[in-house]
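Biologist: Could you walk me through this model, giving the general idea of each feature before the case at hand?

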Amino acid sequence: MSDVTVKKEGSAMDLAEVESRIKALCLQFPHGITDAVIQNDMPHLEPQQRALAINKLLSVGQLDLLRNSSGLLYRMKDGQSASKMKGSDNQEKLVYQVIEDAGNKGIWSRDIRFKSNLPLTEVNKILKNLESKKLIKAVKSVAASKKKVYMLYNLQPDRSVTGGAWYSDQDFESEFVEVLNQQCFKFLQSKAEAARDSKQSPMVQRNSSFATSHEVWKYICELGISKVDLSMDDIETILNTLIYDGKVEMTVIAAKEGTVGSVDGQMKLYRGVNAVLLPTGLVRTPCGLCPVFDDCQEGGEISPSNCIYMTEWLDF
Amino acid sequence: MAGKGRGVGAFTFNIEALGIGRGSMPEARAGPTPLFPNTEFKPVPLKDGEEEDYMLALKQEMRGTMQRLPHNIKAHANKAEVERYTERYLKQKQLDDTNWIPDWNFLPKELMPQKKKVVKPVKKKKAVKISRKESDAMLTKLDELEKKDDGNPEKSDDEAEKKKGNEGEEEEEIEAEEYDEEDVEEENDYIDSYFDNGEDFGAGSDENIDGEGTY
Amino acid sequence: MTAQEVRLCGLLLQEHFGEVVEKVGTHLLKSGAQNLRTILHETGISLDLVKKSLCVLVQHGACVFSSGRKGPGSPTEYRTSCDRILRILRYPRYIYTAKTLYGDTGELIIEELLQRGHMTMSSTVKTVADRLTQNMEDGRSMDYNEVSNSFSNLVETHFLQRCPPPPRAGPKESATPAPPAIPGTPAAPVSNAPPTAESFPDCYKVPHVTLTGRGKRQLSSEDVDDQRNAKKAKMDSETHGDEGICWQVNFERFHLHFRDQAIISAVANKLDQTSSEIVRTMLRMSEVTTSPSATCTKPLSANEIFRSLPTNYNILRPILDQYLTLLVDDPMEFVGKAGESGGGMYVVNMHRALANLARATLESVVQERFGSRSARIFRLLLRKRHLEQKQVEDFAMIPAKEAKDMLYSLLSQNLVQLQEVPKTPDYAPSRTFYLYTVNQLPTSRMLLQNCYKTVANLIERRLYESKESKRLLEKSQRIEAILASLQASGAEPEQLTEVEEMITAPEKQQLDALRLHINKLDSAENQVDETIFLIESYITSTATTS
């Protein structure tokens with residue numbers, strides 16, 4: 001210890017001064033500095049002291065150690081994360097770095113392990129630690145259920161992770177989809193009704209009941225029911241569910257280049273249509289909906305005579 | 001057809017490969033299912049209108065009428081559903097006068113009721129002058145009977161039942177007789193004798209007159 | 001023949017012809033063609049009752065007989081027709097349709113024939129005229145002539161037909177080739193199958209009937225005996241020249257009418273009234289020219305259609321063209337374009353329409369039973385044929401877990417099928433595609449069976465409900481009988497009230513509830529039969545695509 005004191009006195013430069021000088025250099029060169037830059041700036045500084053200062057800065061998270069083609073590079077960490085990283089060890093920093101590099105697409109734990117070359121148990125411990133410090137977050141990716149990806153806490157996950165407009169906190173927003181489904185239908189239905197009421201020729205009526213996907217998109221946007229921006233593709237996805245609901249039909253027509261809503265010279269037209277049948281007779285009886293239909297047998301435990309669905313239906 | 005494909009066992013392949021694990025199966029998850037599990041959906045109300053009401057009335061009327069027509073055959077005269085007692089009281093008369101005389105041209109002759117006493121002498125005569133064809137038929141019959149009678153222990157029971165049954169139907173048979181006496185007797189020798197022969201063979205007693213002894 | 005069909009047939013026979021006929025009928029359904037002796041032996045029913053039952057079944061067309069199948073002179077064999085017995089369920093609809101087409105007279109003619117199986121024209125006309133007269137005001141009566149005309153109309157439009165002449169055993173007949181089967185009634189595969197009605201030339205020929213007079217009013221009860229005697233005497237003496245010519249209801253013709261109506265009303269639902277009127281016109285024009293089993297009508301030109309439109313439909317020619325174009329454009333494919341001549345040639349695609357209506361029926365079942373989102377998946381699979389679970393989730397926009405549950409429910413009810421497509425020959429699950437699919441025809445067949453079971457369940461429940469209230473029903477019927485006779489004998493009002501009050505208030509309530517239940521169950525039977533009709537027609541059409 002006394003040895004160190006002597007050196008300190010002899011160099012007339014204390015550790016704190018060296019640290020602040022290095023930080024100043026880093027601020028001057030935001031892309032990072034090499035060891036040589038520090039050497040040139042403080043030629044009298046002993047390598048041992050230089051290393052001490054750099055290590056100190058690295059350990060408190062004020063400095064980043066990067067590797068590029070020309071060797072190692074020191075760079076200033078941005079103030080916020082540096083202060084957050086206070087008290088973290090090197091391994092933690094390494095993992096943090098790997099996650100930061102992954103951006104808003106995130107990275108899953110196996111890849112972190114691979115890139116950091118740390119044992120899995122260690123990685124998991126660190127991830128937990130970082131999560132509890134709210135430095136990173138785990139995000140369920142919609143691409144594969146059960147697969148979690150990690151990204152920096154303040155990042156907005158990429159669409160490929162969230163699944164786009166239909167996901168909130170990586171949960172599929174069924175209700176949102178159904179609301180949009182209903183709203184789109186309402187729009188097309190009122191259009192069809194207006195067309196019918198116009199009492200024009202049948203062809204004109206049919207044609208005026210059509211709406212392009214662009215029109216539907218515009219209507220939904222103007223309704224302002226969506227917190228997120230919906231694309232025309234999003235709306236077409238919803239319109240397709242209406243087709244599978246049997247409530248809407250779609251026709252593709254050729255469109256002039258540049259027509260609003262046309263894609264590749266084609267335009268999709270949608271219109272609300274009526275059901276072709278009323279609910280069929282079978283589903284007007286309890287048997288048509290019966291969950292134990294196959295187990296029902298006269299004289300059996302479940303039978304028409306003792307059927308409670310039948311009783312409820314008869315007394316309704 | 002229906003009834004197949006319930007539960008996991010019904011699939012020929014590993015259903016868990018679909019992500020339908022045992023634990024996640026709807027039925028497994030509910031635990032012990034009640035006899036009548038709750039249903040999420042209720043039947044759509046029946047269609048209701050003039051047309052439906054009219055067809056309902058037609059259906060019920062048709063059923064009522066059919067049950068009173070002679071086409072509705074009662075096993076025993078007194079076995080008729082008691083609940084129909086009053087209906088019978090009210091309506092039987094009007095249905096009696098249309099009592100059913102089938103058009104035998106459209107029916108196999110073998111289905112005609114057997115003759116009652118009125119016809120008896122005719123038959124006796126016939127039995128005496130047995131033709132060659134008839135006697136052949138009779139022999140075949142005999143063979144068949146031998147085969148048949150083995151292992152027919154229900155015979156006596158049947159007969160008791162038959163007799164009971166006949167009491168209630170005599171009226172009808174007599175009416176039918178009026179018809180067949182005239183034209184069918186001669187025309188359809190072969191089919192008729194199919195029964196007659198057997199009957200005569202059965203010992204010719206009065207008990208066997210409606211051919212029951214044959215079986 | 002499935003167990004469900006046999007069960008339903010049994011219940012229908014029992015309700016309409018009694019237990020004995022039911023026993024004989026179901027026995028024959030289960031065992032195929034049998035001779036009298038075997039039936040007797042295997043059912044253990046007395047000869048007399050078996051004979052009568054067979055008579056009833058034959059009389060109603062539910063049973064056919066033929067002889068000589070096992071060589072000349074072999075005994076007559078009887079075979080019941082399941083299809084024919086199931087038609088009993090549709091009787092109300094036949095009668096109702098006759099009413100809408102031919103008024104009260106048509107209604108009663110069809111009703112009488114259905115009740116009796118078959119009758120001569122003269123006796124039908126007399127019975128119907130009597131019944132109509134009964135409902136007329138005093139002093140008026142129904143002319144036989146008028147009823148005869150309605151009868152002839154029904155024959156001309158093929159709703160009635162002559163009963164085929166009965167098969168007669170003999171080498172002469174058995175040499176003639178079997179007549180072509182009419183669709184829906186597959187002929188038995190024996191050389192001397194009973195002839196179908198349409199196979200003989202006079203099938204739709206009305207005989208000359210000498211019948212003049214008017215319907216008779218039924219006399220009051222005291223006179224019934226007299227009347228009966230008089231009638232009997234008359235029946236014995238009078239002849240009308242049509243003895244031995246019996247008539248039956250032509251169910252196939254009614255079914256064509258129902259099919260056309262189903263198409264017309266589907267067009268009205270989907271498009272509009274005018275479009276449906278155009279399709280109705282096209283179908284009416286094709287009635288004579290198009291065979292019952294044809295996939296589509298003969299091509300009709302827009303010009304012809306225009307001329308045949310009902311006069312009160314003031315459609316201009318160019319507007320008709322627009323309607324036709326819209327009909328052709330519609331994805332339900334009710335109408336197709338068959339050429340350009342005559343202002344455009346058009347056909348009604350009956351079989352496509354039936355297939356699409358059957359599909360809509362299946363969709364409706366899934367929709368009501370499993371909800372609209374399961375129906376979305378079902379329709380999606382109908383359209384896209386084969387999809388992996390992930391694709392189903394993405395197209396239907398349903399979260400994975402829910403989609404999985406829905407697919408599982410549909411799968412377990414056989415409404416959806418799963419196909420394994422292995423990528424490697426070892427069928428390793430990890431290298432296998434699992435594709436969901438819907439097969440419309442087998443699914444329709446399964447639903448048809450479900451319908452049969454449903455109707456049988458409804459009947460069983462109805463029988464149970466009446467049995468539960470048997471005593472009360474008897475009591476109320478007895479009281480009604482007493483009331484009727486009291487009224488007839490001019491009893492005092494107080495007396496009547498006294499008798500009426502023998503039914504207590506709670507009893508009355510119970511009776512009302514019972515009536516409501518029975519009505520509901522009966523109506524449901526009628527309405528399930530509509531589902532049955534559509535699915536049956538579709539299945540038949542796939543078998544006879546010509």
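Modeller: Let us begin with one span, residues 8-66 of chain C, which is 76% helix and 10% strand and whose end C-alpha atoms lie 26 Å apart. Helices (H or I, at least four residues) and strands (E, at least two) are DSSP runs, numbered from the N terminus. An unreviewed UniProt entry lists residues 8-66 of chain C as "domain: RNA polymerase III subunit RPC82-related helix-turn-helix"; UniProt positions are given in the numbering used here, feature names are shortened, and annotations may be inferred rather than shown by experiment.

Modeller: This is a predicted model, in which local features need pLDDT of at least 70 and side-chain atom pairs count only at pLDDT 80 or more, while totals for chains, interfaces and linings use all residues. Residues are numbered from 1 along each chain as its sequence is written, and chains are lettered from A and ligands numbered from 1 in the order in which they are written.

Biologist: How many helices and strands does chain C have?

Modeller: Chain C has 21 helices and 11 strands.

Biologist: At what angle do helix α1 and helix α18 of chain C pack?

Modeller: Axes are lines fitted to C-alpha atoms, for helices over the stretch in contact, and angles run from 0 to 180 degrees between N-to-C directions. Here α1 (residues 3-31) and α18 (residues 440-468) of chain C pack at about 35 degrees, with their axes 9 Å apart. Two residues are in contact if their C-beta atoms, placed from the backbone, lie within 7 Å; among the residues making this contact are Leu8(C) and Leu11(C) of α1(C), and Tyr452(C) and Ile459(C) of α18(C).

Biologist: Why does His158(C) count as buried?

Modeller: A residue is buried if 20 or more other C-beta atoms lie within 10 Å of its own, exposed if 12 or fewer, and partly exposed in between, with C-beta atoms placed from the backbone. His158(C) counts as buried because it has 20 C-beta neighbours inside 10 Å. His158(C) is found in the loop between α7 (144-156) and β5 (160-162) of chain C, and its phi is near 70 degrees, a positive value in a residue other than glycine.

Biologist: Where does Met397(C) lie?

Modeller: Met397(C) lies in the loop between α16 (389-396) and α17 (400-412) of chain C. Although Met397(C) is not a glycine, it has a positive phi of about 60 degrees, and with 23 C-beta neighbours inside 10 Å it counts as buried.
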